Amino acid sequence: MRKVVLKMDVSLDGFVAKPNGDLDWIFGSFNDELKACLVDTLWQADTHIMGRVAYNDMADHWSFSTEVFAPR
């Protein structure tokens, strides 16, 4: 049996996104160490599940991105 792991950015008070959907609060503390940790986490997953809206928001970007996250 496989483990199911949820990876979600949320503040301590339960904040996920601004009312307009903006997530810029997440990236204020984003650094190379955090990036390496996130990339490692992605490479450990063998299935990535997301909702339709999230997929539609991301598909065009990641299909052509050269960012370190893109291959996964």
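What share of the 72 residues in the protein chain is buried? Buried residues come to 10% of the chain. The model is a predicted one, and its secondary structure consists of 2 helices and 0 strands.

**Overall make-up**
- Taken along the principal axes, the box filled by the C-alpha atoms of the protein chain is roughly 35 × 30 × 25 Å.
- Of the contacts in the protein chain with a separation of 6 or more, 43% are between residues 24 or more positions apart.

**Surface and charge**
- The side chains include 7 positive and 11 negative ones.
- A distance of 7 Å separates the centres of these two sets of charges.

**Helix α2**
- Helix α2 covers residues 52-64, which is 13 residues.
- The end C-alpha atoms of α2 lie 19 Å apart, and this agrees with the 18 Å that the helix should span at 1.5 Å a residue.
- A kink of about 45 degrees occurs in α2, with its centre on M58.

**Residue S65**
- S65 sits in the segment after α2.
- S65 has a relative accessible area of 16%, so the residue is buried, the cut-off for buried being under 20%.
- From S65 to M1 the C-alpha to C-alpha distance is 33 Å, and the two residues are 64 residues apart in sequence.

Note on methods:
Residues numbered from 1 in each chain as written. Predicted model: local features only at pLDDT ≥ 70, side-chain atom pairs only at ≥ 80, totals over all residues. Heavy atoms only, no water. Helix = DSSP H or I, 4+ residues; strand = E, 2+ residues; numbered from the N terminus. Buried < 20%, exposed > 50% of the residue type's maximum accessible area, 1.4 Å probe, protein only. Contact = heavy atoms within 4.5 Å. Lys, Arg positive; Asp, Glu negative; His and termini not counted. Charge placed at Lys NZ, Arg CZ, Asp CG, Glu CD. Expected span 1.5 Å × (residues − 1). Bend = angle between axes of the 7 residues up to and from the residue.
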